[in-house]
Amino acid sequence: MKINILEDYQELSQAAATILIDRVKKNPKSTLGLATGGTPKGTYQQLITDHHQNGTSYQHVTTFNLDEYLGLAGENPNSYRYFMNAQLFHHIDIKIENTLIPNGVTMNTVEECQRYEQLLEAKGGVDLQLLGIGSNGHIGFNEPGTSFESRTHVVDLASTTIKANARFFPSIEEVPKQAITMGIGTIMKSKEILLLVSGEQKKAAVQRLLSGEVNEEFPASILNQHPNVTILMDKAAAGQGDRHRVLNGSY
Ligand code: PGA
C-alpha cells in the first residue's frame with residue numbers, strides 16, 4: 001500500500017487528478033471506476049481544468065460508477081447520475097454512453113446488478129478505481145458486515161451513512177434507504193485502486209485501515225490485501241499526532 005500525505009484538500013485533489021490523467025494518457029482506452037460524495041469533487045474540477053487547458057481527451061475512456069441510490073432517476077439532482085454529469089461528464093469530451101452507473105429506477109434490481117457485472121466483465125474490468133471511505137469503513141455503499149466476496153448488489157444503507165449523506169438532501173427523510181453498489185469483490189478486481197481521504201472526521205477510519213486488521217466489519221480493511229493501492233490523504237485525515245505512524249511511502 002502506498003501512502004501519500006498531502007498538505008490539504010486542494011493538494012490532495014491535484015495529486016489524484018495527476019494520477020488519473022497519467023493513466024488516461026498512457027492508455028486512452030482506460031476503464032475508470034469513479035466515485036461520488038464530497039471527496040472526489042475537487043479531483044473532478046482538476047480534471048476539467050486540465051481538459052480545457054491541456055486537452056487531455058476522454059473520447060475513448062469508459063467509466064463505471066460505484067453506486068446509485070435506489071428510487072432516484074438520473075434527472076433527480078440527488079442521484080449519482082446527476083452528480084456525475086454535473087461534476088464531470090458534461091465538462092469533458094467523454095461519450096455519455098460510455099459512462100455507466102447502476103440504474104436506480106430499474107424495475108428488476110437482480111437483473112440490473114447482473115447487467116452491471118456483465119458490462120464490467122465485457123470491458124475487462126476496471127483499470128483504475130477511485131474510492132472514498134465512509135467513517136464506518138464503507139467502500140462504495142458496502143456497509144460493515146458485507147461479504148468480501150460480494151458482487152454488485154442492493155444494500156440497505158446504514159443509519160450513519162444516511163445521516164452523513166443528509167447534508168446533500170433537503171431533509172434526512174428524503175435520503176433513500178437503499179442503493180445498488182458494486183460489491184467488495186467487484187472493487188477488489190480493479191487492477192489499481194486510488195483511495196482519497198480528506199478531513200479530520202476520517203482520522204479514525206484511516207487509523208483502523210492502517211492497523212492492518214482485515215475484517216468484514218470494516219469493509220475498507222480488505223484493501224490491505226490488494227496488490228496495487230495508493231492512499232492519498234490530507235494532513236487532517238492523517239492526524240497530526242499520527243505522523244510517526246503514517247509516513248509517506250510504503251508499508
Ligand atoms: P465523502 O463520502 O467523500 O462524502 O466523505 C465518502 C464515502 O462515504 O464513501
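Me: What orientation do helix 1 and helix 2 have to each other?
Reply: In this predicted model, the axes of helix 1 (residues 9-26) and helix 2 (residues 41-54) come within 8 Å and cross at roughly 55 degrees. Helices (H or I, at least four residues) are DSSP runs numbered from the N terminus; axes are lines fitted to C-alpha atoms over the stretch in contact, with angles from 0 to 180 degrees between N-to-C directions. Under 35 degrees counts as roughly parallel, over 145 as roughly antiparallel, 65 to 115 as roughly perpendicular and the rest as oblique. Helix 1 and helix 2 are therefore oblique.

Me: Which pLDDT do local features need?
Reply: Residues are numbered from 1 along each chain as its sequence is written, and side-chain values use heavy atoms, leaving out hydrogens and water. The model is predicted: totals for chains, interfaces and linings use all residues, side-chain atom pairs count only at pLDDT 80 or more, and local features need pLDDT of at least 70.

Me: How many charged residues has the contact of helix 1 with helix 2?
Reply: Y9, Q10, S13, Q14, A16, A17, L20 and I21 in helix 1 meet K41, G42, T43, Q46, L47 and D50 in helix 2, contact being heavy atoms within 4.5 Å. Nonpolar residues number 6, polar 6 and charged 2.

Me: Which helix gives the most to the lining of the largest pocket?
Reply: This pocket (on a 1 Å grid, an open set of points with protein on both sides within 12 Å along at least five of seven lines; lining residues have an atom within 4 Å of a point) has a volume of about 740 Å³. Of its 39 lining residues, the closest to the centre are T36, G37, G38, N165 and R167. The lining divides into 17 nonpolar, 18 polar and 4 charged residues. With 5 residues, the most is given by helix 3.

Me: How many charged residues line the second largest pocket?
Reply: About 160 Å³ of space lies in the second largest pocket. Helix 4 (residues 109-122) gives the most to its lining, with 3 residues. The lining includes E117, E121, R151, K189 and K191. By class it has 3 nonpolar and 4 polar residues, and the charged ones number 5.

Me: What volume has the largest cavity?
Reply: A cavity is a set of points where a 1.4 Å probe fits but cannot get out. The largest is lined by L32, L34, L47, Y58, V61, T63, L88, I92 and I94, which divide into 8 nonpolar, 1 polar and no charged residues. Its volume is about 30 Å³.

Definitions and conventions: Points joined across faces, edges and corners; volume = space filled by probe spheres on them. Nonpolar A, V, L, I, M, F, W, Y, C, P; charged D, E, K, R; others polar. Helix = DSSP H or I, 4+ residues; strand = E, 2+ residues; numbered from the N terminus.
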